[in-house]
Amino acid sequence: MITREEIANVLDQPVYDGDGNKIGDAKHVFFDDMTGRPEWVSVKTGMFGSAESFVPIRDAALVQDHLEVPYGKDQVKGAPSVDVDAGGHLSETEEHRLYDYYGINWDSVLSEAERTDDGRFAAGPGPAGTAGTAGAAGAAGVAGTTPGGTTGREDAARREAMRGDEAMTRSEEQMRVGVERHESGRARLRKYVVTEEVQQTVPVTHEEVRVVREPITDANRDEAMAGPEISEAEHEVTLHAERPVVETETVPVERVRMTTEELTENETVRGQVRKERIEAETETFTEDETRPGGKRRGRE
């Protein structure tokens, strides 16, 4: 169990489940005003801490530099959303929803709240019969719970101390936006073979027979009269022709590779932050009301 003295070591520290998975960061701690013990811790979850989930702190443990709770990460992130009033208190209905979600017996919570730290029974809750964390300040005789390590009774003491310096502190939340790198896609080079029809014109030659007739002259008479006078004969000539011959060879033509290029663009992120407002209230009284023994109709 986390003690009051350890609260400063819990706030803004990582929160892990029993399997070592980080759930988020501790934002606020809520006390039970009747027992004075820490009851809930709110954990900032989601991307950039955009959501806040409530976790029971009664069975949590402070391990080195982080808080460990006996609930799974998915269970905590799936906890019902609850509203915290302007005074920083959980209503009985909201707290009851959380106890039911985490499987905590509501009657046992009431029994703990009715006991003081030394084991004696306290005066008991108000008409609603609720624990100290159930209502807003002063409702049903219960002080309620406030975040950040303060109880309803401590708030009253602070208000009393503030009367001396007549000043109060106004706080507000600020949104911090970061970036995270994630895988957005994949690109690959793939080589495959296609067959294309190509055409090329080449010159080819061939031989044809042409009959040449020469008259008998003194120059060729002896050669012409060398054979018999009358006979049959044949003379054969071989003809030649060219034809295209196709061969292929593989040659490198280019190299292809991929590179990545980072492009920066602006993206608008919207979120919600809470701010405290401080307003002054005044009351006026008649002359009769300011006299000794005079009855005032304003606030007491």
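Buried means under 20% relative accessible area, exposed over 50%, and partly exposed in between (1.4 Å probe, protein chains only). The model is predicted, so local features need pLDDT of at least 70 and side-chain atom pairs count only at pLDDT 80 or more, while totals for chains, interfaces and linings use all residues. Residues are numbered from 1 along each chain as its sequence is written, and side-chain values use heavy atoms, with hydrogens and water left out.

**Exercise 1.** Determine where E94 and R97 lie and classify the accessibility of E94 and of R97.

*Solution.*
1. A salt bridge requires a side-chain nitrogen of Lys or Arg within 4 Å of a carboxyl oxygen of Asp or Glu.
2. E94 and R97 form such a bridge, with the closest N and O atoms 2.8 Å apart.
3. Both residues belong to helix α2 (residues 92-101) and are 3 residues apart, about one turn of the helix; helices are DSSP runs (H or I, at least four residues) numbered from the N terminus.
4. E94 is buried because its relative accessible area is 10%.
5. R97, at 37%, counts as partly exposed.

**Exercise 2.** State which parts are tied together by the pair R274 and E173.

*Solution.*
1. The two side chains meet in a salt bridge at 3.0 Å, N to O.
2. R274 lies in the loop between α5 and α6, and E173 in the loop between α4 (152-165) and α5, so the pair ties together parts 101 residues apart in sequence.
3. R274 is partly exposed, with 45% relative accessibility.

**Exercise 3.** Give the number of salt bridges under this rule.

*Solution.* The count comes to 8; among them is E172 with R170, at 3.3 Å between the closest N and O atoms.

Conventions: Helix = DSSP H or I, 4+ residues; strand = E, 2+ residues; numbered from the N terminus.
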